Amino acid sequence: MKKPSILFVSNTSRHKRPYYDPSTRYRCFNFAQSLSALGHPTSCTTQAIFQSQPAIFANYDYYVFHRPALTAELAEFIMAMPTERVVADFDDLNFSVLHAIETPAVRTRSENVSTVSKSLAKIAGAASLFTRFSSSTTPLAEHLSTLF
């Protein structure tokens, strides 16, 4: 019996080398490798590449979007897919505008809180399109369940 195929799609700024983004490696590449060892066809890509060449990725059974950001292309894809085939994955409160001031981007890297808030709002907007979620911790999963 054929095992389902899974594509991991990460919203990372490291478009050319997503493996070097620690969150993408942790939430996409590591899971893909483990599932591949169990016989599942898997692959990883970035959201930018996925959106620019959707036909290349059309034949996967399941899609896991790590920290997806709302775009017209993503919305069209999600709305055309059966809800059980798409999952939004989060490893932090990176969808909560309320917590923008507490993010490492603002606190450690001194990024503008307004810019970070806009980015978080895009992720929250994308999350609203999903009915299935995965997360890195139980408290985060509980928080997600109260919002979406």
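Predicted model: local features only at pLDDT ≥ 70, side-chain atom pairs only at ≥ 80, totals over all residues.
**Entry 1: overall form**

What radius of gyration would a compact globule with 148 residues have, and what does the chain have? I looked this up first: such a globule would come out near 15 Å, and the chain has 15 Å, which agrees. The radius is taken over C-alpha atoms, and the globule rule is 2.2 Å times the number of residues to the power 0.38.

Residues are numbered from 1 along each chain as its sequence is written, and side-chain values use heavy atoms, with hydrogens and water left out.

Next I checked the box: along the principal axes, the C-alpha atoms fill roughly 50 × 30 × 30 Å.

**Entry 2: the elements**

I found six helices and five strands in the chain. Both are DSSP runs numbered from the N terminus, with helices being H or I of at least four residues and strands being E of at least two. Reading from the N terminus, I get the order β-α-β-α-β-α-β-α-α-β-α.

**Entry 3: surface, contacts and charges**

I looked up the accessible surface, and it comes to about 8,500 Å². Carbon and sulfur atoms hold 56% of that. The areas come from the Shrake-Rupley method with a 1.4 Å probe, and for residues only the protein chains shown count as cover.

How much of the chain is buried? I noted 39% of the 148 residues. Buried means under 20% relative accessible area, exposed means over 50%, and partly exposed is in between (1.4 Å probe, protein chains only).

For contacts (heavy atoms within 4.5 Å), I took those between residues at least 6 apart in sequence, and 65% of them join residues at least 24 apart.

Then the charges: the chain has 14 positive and 11 negative ones, and their mean positions are 6 Å apart. Lys and Arg count as positive and Asp and Glu as negative, with His and the chain ends not counted. Each charge is placed at NZ of Lys, CZ of Arg, CG of Asp or CD of Glu.

**Entry 4: the cores**

Which residues touch the most other members of the largest nonpolar core? I wrote down Phe50, Tyr63, Phe65, Phe77, Val86 and Phe90, out of 21 residues in that core. A nonpolar core here is a set of buried Ala, Val, Leu, Ile, Met, Phe, Trp, Tyr and Cys residues joined through side-chain atoms within 4.5 Å.

The elements giving two or more residues to this core are strands E1 (6-10), E3 (62-66) and E4 (86-90), along with helices H3 (72-80), H5 (113-127) and H6 (138-147).

I picked Ala88 in strand E4. Ala88 counts as buried, at 0% relative accessibility. Not counting residues up to four places away in sequence, Ala88 touches Phe65, Pro68, Phe130, Arg132, Phe133 and Ser134. Leu147 is 59 residues from Ala88 in sequence, and I get 13 Å between their C-alpha atoms.

Is Thr24 buried or exposed? I found it buried, with a relative accessible area of 2%. Thr24 belongs to helix H1 (residues 22-37). With residues up to four places away in sequence set aside, Thr24 touches Ser10, Thr12, Pro18, Phe29 and His66.

Not counting residues up to four places away in sequence, Phe31 touches Phe8 and Tyr26. Phe31 and Gly125 are 94 residues apart along the chain, with 25 Å between their C-alpha atoms.

Arg17 sits in the loop between E1 and H1 and counts as exposed, at 53% relative accessibility.

**Entry 5: positive phi**

I noted Arg67, which is not a glycine but has a positive phi near 50°. Arg67 lies in the loop between E3 and H3 and is partly exposed, at 22%.

Ser110 is another non-glycine with a positive phi, about 55°. I place Ser110 in the loop between helix H4 (104-107) and H5, and Ser110 counts as exposed at 63% relative accessibility.
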